[in-house]
Amino acid sequence: MTQNAANSIKQVDTLIHARWVIPVNTNRDILEHHSLAIQGDSIIDILPTTDVDGRYQASQEHNLDRHALIPGFINAHGHAAMSLFRGLADDLPLMDWLNNHIWPAEGRWVSEEFVHDGTRLSIAEMIRCGTTTYSDNYFYPDASASAANNAGMRAQIVFPILDFPTTWGKDADDYIEKGLATHDKFRNHSLVRVGFGPHAPYTVSDEPLKKIATLAEQLDLPVQMHIHESADEINQAMEKDGRRPIQRLADIGFLSPRLQCVHMTQMNEADYQLIARNGCHVVHCPESNLKLASGFMPLDRMQQEGINVALGTDGCASNNDLDMLGEMRTAALLAKAVGHNATALSAHEALAAATINGARAMGIEDQVGSLENGKLADIAAFALDDIENYPLYNPVSQLVYTATRNQATHVWVNGRLLMDNRRLTTLDGPFLIENARQWQKKISERA
């Protein structure tokens, strides 16, 4: 090599060489034998692996010749600390599950320590299935945000708001005040974004919702809310004032592109138009909806209306896992059955729903959700070399329909390696398991 050639080689932090790079771009490309160059927290180049020599040298190099690289999954809705209630109240309808089991358990057990420990357990599980960003709506958001930041995980933290008292607040104004203090505390943290999380139309009255809408616009913050989750919710709203919840929210000026509508299993023609016209996003949690028999979100129809649909797992108390691969597969199959359309939510579009669509819903699609030059290096690697993956005609199809979360081998967030060949690098797995056992013992003894 000549001196001039040596001088032209650029030193980078990380090079990842993969069998496939699936960028989830507008062309839905599948790039074979490509490499990613990462400098600092960002992707600076995606190029054929054969072109790397003579152009880049790296401090760290990963040869993943059996793997597909994808943008890390974005779990667009959940309640991370509820991992400590996993399996506590199974096989119950939504309102019985919520009123008679979950809310009493929360009243007894939820504390800053509970949220911190449960959130770390969830973050570890999410990393181990290829998730790099998650949205969390739970009490003590300071503890949740700190857990995410310390683990190197990207998070949207939406603080809960209700009309009635809980262990964390006494009324809507109190929740908002405390939540905004959390926003101020983390406003300069690159990994954490704080927003509003009013629980549901039936637990938050008009005046707090109007206040939230005004503050969200002033501060340019996201809003996430459970809406149209069950038929009971619709029936109760109609009996109360003759309006469906989404219409009531429209009437008070609550609908906007900042709003992430979670669940949306009960829809009519007017509902579709209101969501589409106001640019709202929808977060689909198919497995939680199935387990609680809440209904079927009409994903195919939503997309036909031009509505952005992201995917979330919901919390471990109602799912009971945080596996975005499983959620993606369930969403794809369910969309076909509900829409009576075998072409609904193709494998590529299912992957988009689990990545870039979640980024759009959160308003961070210019930073994450796809693998492109200049975007943050939030990346997951999946080994597609098990017996169950062969023959392999299309890696995207195999990722959606045959891969399992145990095939996630490496995860990067902001260019930082959070899982290295299934080994967590920022969290202590054995400690988290023992800690969860201790919580199980305490909760079981008082149950």
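Modeller: The account below begins with the basis of the model, then takes up the annotated residues and the aromatic rings.

This is a predicted model, in which local features need pLDDT of at least 70 and side-chain atom pairs count only at pLDDT 80 or more, while totals for chains, interfaces and linings use all residues. Residues are numbered from 1 along each chain as its sequence is written, and side-chain values use heavy atoms, with hydrogens and water left out.

The UniProt record, an unreviewed entry, gives the annotation "binding site" to Glu-106, His-199, Glu-229 and Asp-314; such annotations may be inferred rather than shown by experiment, and their positions follow the numbering used here. The lining of the largest cavity includes Glu-106, His-199, Glu-229 and Asp-314. A cavity is a set of points, on a 1 Å grid over the protein atoms alone, where a 1.4 Å probe fits but cannot get out, and lining residues have an atom within 4 Å of a point.

His-199 lies in the loop between strand S8 (192-198) and helix H6 (206-219). Helices (H or I, at least four residues) and strands (E, at least two) are DSSP runs numbered from the N terminus. His-199 counts as buried because its relative accessibility is 14%; buried means under 20% relative accessible area, exposed over 50%, and partly exposed in between, with a 1.4 Å probe and protein chains only. Beyond its neighbours within four places in sequence, His-199 is in contact (heavy atoms within 4.5 Å) with residues including Leu-98, Trp-103 and His-226.

Glu-229 is likewise placed in a loop, between strand S9 (223-227) and helix H7 (231-241). Glu-229 is buried, as its relative accessible area is 5%. Setting aside neighbours within four places in sequence, its contacts are Leu-94, His-263, Thr-265, Gln-266 and Ser-294.

Trp-103, a contact of His-199, also belongs to an aromatic pair. Rings of Phe, Tyr and Trp (its six-membered ring) pair if their centres lie within 6.5 Å; planes under 30 degrees apart count as stacked, over 60 as edge-to-face and the rest as tilted. The count by this rule is seven aromatic pairs. The ring centres of Trp-103 and Phe-164 are 5.6 Å apart and their planes stand at 70 degrees, so this pair is edge-to-face. It links distant parts of the chain, 61 residues apart: Trp-103 is in helix H2 (residues 94-109), and Phe-164 is in the loop between strand S7 (154-161) and helix H5 (172-186). Trp-103 counts as partly exposed at 25% relative accessibility, and Phe-164 counts as partly exposed at 29%.

Methods
On a 1 Å grid over the protein atoms alone, a cavity is a set of points where a 1.4 Å probe fits but cannot get out, and a pocket is an open set with protein on both sides within 12 Å along at least five of seven lines; lining residues have an atom within 4 Å of a point.
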